[in-house]
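Subject: Structure handover

Hello,

Here is the structure for you to look through. Please open it first, then read my notes below.

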Amino acid sequence: MAEDGGRGAAASPGASARFVRCLYAVGFLDLFGVSMVVPLMNLHIKSLGASPTVAGIIGSLYGIMQLFSSTFVGCWSDIVGRRYSLLACILLSALGYFILGMSTTVYLFAISRVPVGIFKHTLSISKALLSDLVSERDRPLVMGRFNAASSVGFILGPVVGGYLTELKDGFYQTSFICASIFLLNAGLVWMLPWNEENTGNGKHKQGKKRTDSITAKPNCDLQLKSVTNGTVAIDSPFQSPWVQIVTVLKRIKEIACSDLWDIFLVRLLMSVTILLYHSNFSLALEERFGVKPLFSGYLMSYSSSLGVLAGCLLGPITRLYQHNTYRLLLHSSTFTCTLILLYASALSIWMVILSSTFLAFSTTIGRTCIIDLELTIGGNEASGTLLGVGQSVTSVGRIIAPLLSGIAQEFSPCGPPSLAVALALVAILIMNVNKQKYCSSGNVKLKNQ
């Protein structure tokens with residue numbers, strides 16, 4: 001795929017690999033810091049005297065801000081460059097968690113959620129940057145490893161946060177530590193080798209024998225420095241804000257008018273499917289099998305750990321499928337549908353454990369494949385915008401899923417997973433109907449390409 005100005009990569013595979021490993025650390029630190037604080041927030045806002053309704057409104061406010069901001073921030077990162085947008089998002093998120101550490105009133109608590117709700121898109125921009133750096137062939141492998149590193153942080157964070165909250169003023173200390181982790185992350189991003197001395201003139205062909213586990217993109221006249229400086233539209237992040245806003249709106253319009261609706265619809269359906277599966281998991285196990293919430297917690301931790309393993313295994317799996325992302329997504333979605341059906345009809349807890357074991361693999365693979373398919377069909381030149389829109393689609397799913405789950409639970413504890421099966425079948429049908437488009441390599445649907 002040809003590259004526009006600003007969508008460059010390191011000229012040497014070694015430089016690209018070092019950069020990618022640093023981004024794994026960025027993803028780990030991001031979710032490690034967030035997961036230290038998030039499980040404690042409901043307890044803290046309750047201790048401030050907020051009613052459950054007020055707490056719910058503030059929680060919804062965060063989700064709504066994420067819904068509308070993810071597309072704009074992703075598109076903005078395409079325009080001003082990954083370095084400046086990533087630094088801005090990390091630093092402003094750190095500000096939000098710093099205010100949270102001083103939140104002695106409900107008002108301050110609500111204010112602290114505003115910068116985080118708008119700018120907490122570190123992972124999306126990091127994924128866009130990874131997409132800029134590696135070849136399409138290696139993209140699922142790198143994305144899988146990035147998700148695995150981030151998931152490890154998400155698993156360890158609550159343990160550390162739970163320990164810290166036992167101390168005097170534990171929540172405030174935890175929030176300040178989270179803000180400090182974000183500042184550390186900003187320092188790591190700043191020190192990344194954006195201008196490697198060996199990225200200037202080297203030419204590496206796509207078929208050249210690899211010197212590392214990750215292949216740098218071809219057309220290496222476009223370097224990491226280009227990723228820093230932005231796209232063709234704007235050469236500096238300090239250009240007029242009005243110019244940036246107009247360019248952002250133009251790119252969003254191009255996405256809205258493009259032929260990508262079916263991919264985003266598949267993402268929405270599969271997101272709601274997984275959310276419905278998790279929505280009443282603990283309650284359903286207790287009602288159906290008399291299982292205590294502690295066991296449910298252990299089972300979810302077990303599934304999360306397997307998800308990390310699945311991310312690490314994406315390389316061999318994609319090679320097995322000869323890098324056919326569409327076929328891998330179709331099979332993983334079909335497998336997910338079958339496993340949720342098995343869970344919904346399970347007669348013993350052992351069938352639940354079996355379905356949870358394999359669901360950890362199929363859902364992790366499916367999430368990575370849908371992102372790769374978006375970038376392949378939509379064009380890597382607008383990767384930030386595409387990932388931002390995808391994140392907004394997932395946010396819509398998070399809003400819809402609790403409502404659908406509540407309605408389905410009125411009929412049966414198995415209602416949410418049964419509805420999830422139906423939605424997954426619709427997603428599989430859409431993928432089959434549009435098979436020709438997914439299988440076409442190098443398809444770029446945006447109007448300006």
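Start with Phe281. This residue is buried, with a relative accessible area of 3% (buried means under 20%, exposed over 50%, partly exposed in between, with a 1.4 Å probe and protein chains only).

Two notes on the basis. This is a predicted model, where local features need pLDDT of at least 70 and side-chain atom pairs count only at pLDDT 80 or more, while totals for chains, interfaces and linings use all residues. Residues are numbered from 1 along each chain as its sequence is written, and side-chain values use heavy atoms, without hydrogens and water.

**Aromatic rings**

The structure holds 8 aromatic pairs. Rings of Phe, Tyr and Trp (its six-membered ring) pair if their centres lie within 6.5 Å; planes under 30 degrees apart are stacked, over 60 edge-to-face, and the rest tilted. Phe281 and Tyr343 make a stacked pair, at 5.7 Å centre to centre and 25 degrees between the planes. Phe281 sits in helix H12 (residues 281–289) and Tyr343 in helix H15, so the pair ties together parts 62 residues apart in sequence. Helices are DSSP runs of H or I, at least four residues, numbered from the N terminus. Tyr343 is buried too, at 0% relative accessible area.

**A buried lysine**

Lys127 is in helix H6 (residues 122–133). What is the nearest side chain of opposite charge to Lys127? It is Glu374, 9.2 Å away. Lys127 is buried yet has no salt bridge (a side-chain nitrogen of Lys or Arg within 4 Å of a carboxyl oxygen of Asp or Glu). Lys and Arg count as positive, Asp and Glu as negative; His and the chain ends are not counted. Leaving out residues up to four places away in sequence, Lys127 touches Met143, Phe146, Asn147, Ile371 and Leu387. Contact means heavy atoms within 4.5 Å.

Most residues other than glycine have a negative phi. Gln322 has a positive one, near 55 degrees. His323 has a positive phi of about 60 degrees. Gln322 lies in the loop between helix H14 (314–320) and helix H15 (325–344). His323 is in the loop between H14 and H15. Are they buried or exposed? Gln322 counts as exposed because its relative accessibility is 66%. His323 counts as partly exposed, at 25%.

Best wishes

Terms used:
Helix = DSSP H or I, 4+ residues; strand = E, 2+ residues; numbered from the N terminus.
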